[in-house]
Amino acid sequence: MAMTREENDLLTQVDNGAPMGEMFRQHYWLPAVPSSKLEAGGAPMRIRLLGSNYVVFRADDGRVGCFDELCPHRKASLVLAQNEDNALRCIYHGWKFSVDGRMIEAPNQVGDQERFCRNVRFNAYRVEDRGGIVWVWLGRGETPPPFPDLPFTYLPADQRSVTSQEVPTNWLQGVEASMDSSHVGVLHESTTQITASGGNQRINMTKALAPRMEFEDRPYGYRYAALREMSDQGVYARINNFVMPWYGVICAPEPNGPATVFFSTPVDDTTHRAWFVHYNVHRPLGMTIMSATPDVWNFPPLPPGTAADGWGQNRDLMKRGHATGFPQHLGTEDFAMFLSQGPIHDRTDEQLCSADAAVVKVRQLLLRSVREFLDGKIPHLANNPDLDYRTANSVGGLLRPGEDWRSLAADAAPVATAG
Ligand code: FES
Ligand SMILES: [Fe+2]
């Protein structure tokens, strides 16, 4: 089912008041920056979301503030501001904005300062600092949507790691890859074998490239089982979750191992930020390639080249048996695919197969939601205060003869809340 041009535009565009961007702004929390990037009293940072720029900073007391980047006076950047007394002071004329979102000083204004400050239009945004990520809500009104408290947001810091990378393509290419089970055994054949740690149930998925897919709608999106007939071991089930609007919760490759949440958030129409959260609900992560990276804002690495040189693909390595020639990281392999699809992937000229069912379902959910939003309704999977995101836990394992994959999912207890 190829898409129409209108559908592809509606799905992908987020800039300049595009409906999808406006829906995200109003109905979803946006992951903005890893918490560890903001030092108390340190330099403010520019973040770009849905085609607009914001400033985020951590005040002396540890709270995080998020405002429009440009000072409401004469539009100097608050990324350059002083971070002092739990507030940002613009270095141009000294207007000052407290971390809780109030304008508190205008030293170049004669007369009643308090009254003047109250009347200045100044946009500050709700912030949550949870699960190693600073999230912001950019919507209008007093009541933010329910926070997506996915399983990793409850865990102590040593049981999770957060890294992210800016990728110069549209966000949906990233989201689709996280729900694209059949690429794992092909694109990541070499990287998964190199990083495999030999758990006793590790299955070589390169032996079963065409999984049978079964779906179940969930209040947060859907989950699916990718069922692989292993000739000697029975049926191996991987149960993954898609959580609206961009979270792929991917099960651990081995029992009690770390699971992953991949998400791709829109920076603008042709840029996204790819997030990798690894977490282990059972024990500390220890030293992994993700938890050890020195730069959580630029990891995994982008492919080392440009389109002109095949994005830096190493063909010599391929001659020696590497599947892709991008040995840097599994994420680098994905990024190379996104870049090769182009800045905004053209879905009007695809030829899909049975393994793309999960990707198609992502598109259907997003399209239905944005059309509901355009009709002036609350999208059907948004703003549900009864939704328990902890149930979006993903598991994998061999099924006993005759066992239904849903019982495997039910056996996996939700993560306990921290207090
Ligand atoms: S531009 Fe910021 S105080 Fe004047
Ligand atoms: Fe991938």
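Let's start with a sheet. Three strands form an open sheet here, in the order 2-3-4, and the pairing is antiparallel. Two terms, quickly. Strands (E, at least two residues) and helices (H or I, at least four residues) are DSSP runs, numbered from the N terminus. Two strands pair if DSSP finds at least two bridges between them.

A word on the model itself. It is predicted: local features need pLDDT of at least 70, side-chain atom pairs count only at pLDDT 80 or more, and totals for chains, interfaces and linings use all residues. Residues are numbered from 1 along each chain as its sequence is written, while chains are lettered from A and ligands numbered from 1 in the order in which they are written.

Back to sheet 2-3-4. Which strands stand at its edges? Strand 2 (45-49) and strand 4 (64-68) do; each has a single partner strand, so one side of each has no neighbour in the sheet. Neighbouring strands are turned by 30° against each other on average, direction ignored. Angles run from 0 to 180 degrees between N-to-C directions, and axes are lines fitted to C-alpha atoms, for helices over the stretch in contact. Strand 3 (residues 52-58) and strand 4 run antiparallel, joined by 5 bridges. Find Tyr54: it stands opposite Asp68 in strand 4.

Strand 1 is joined to strand 10 (residues 133-137) by 4 bridges. Pro34 has Ile133 of strand 10 as its bridge partner.

Next, a loop. Glu142 sits between strand 10 and strand 11 (160-167). Is Glu142 buried or exposed? Exposed, because it has 6 C-beta neighbours inside 10 Å. The cut-offs: buried means 20 or more other C-beta atoms within 10 Å of its own, exposed means 12 or fewer, and partly exposed lies in between; C-beta atoms are placed from the backbone.

Last, two helices. Helix 2 (residues 19-27) packs against helix 9 (residues 357-374) at about 85°, with axes 9 Å apart. That makes the two roughly perpendicular. Under 35 degrees counts as roughly parallel, over 145 as roughly antiparallel, 65 to 115 as roughly perpendicular, and the rest as oblique. Helix 2 brings Pro19, Met20 and Met23 to the contact; helix 9 brings Ser369, Val370, Phe373 and Leu374. Contact means C-beta atoms, placed from the backbone, within 7 Å.

Key. Two residues are in contact if their C-beta atoms, placed from the backbone, lie within 7 Å.
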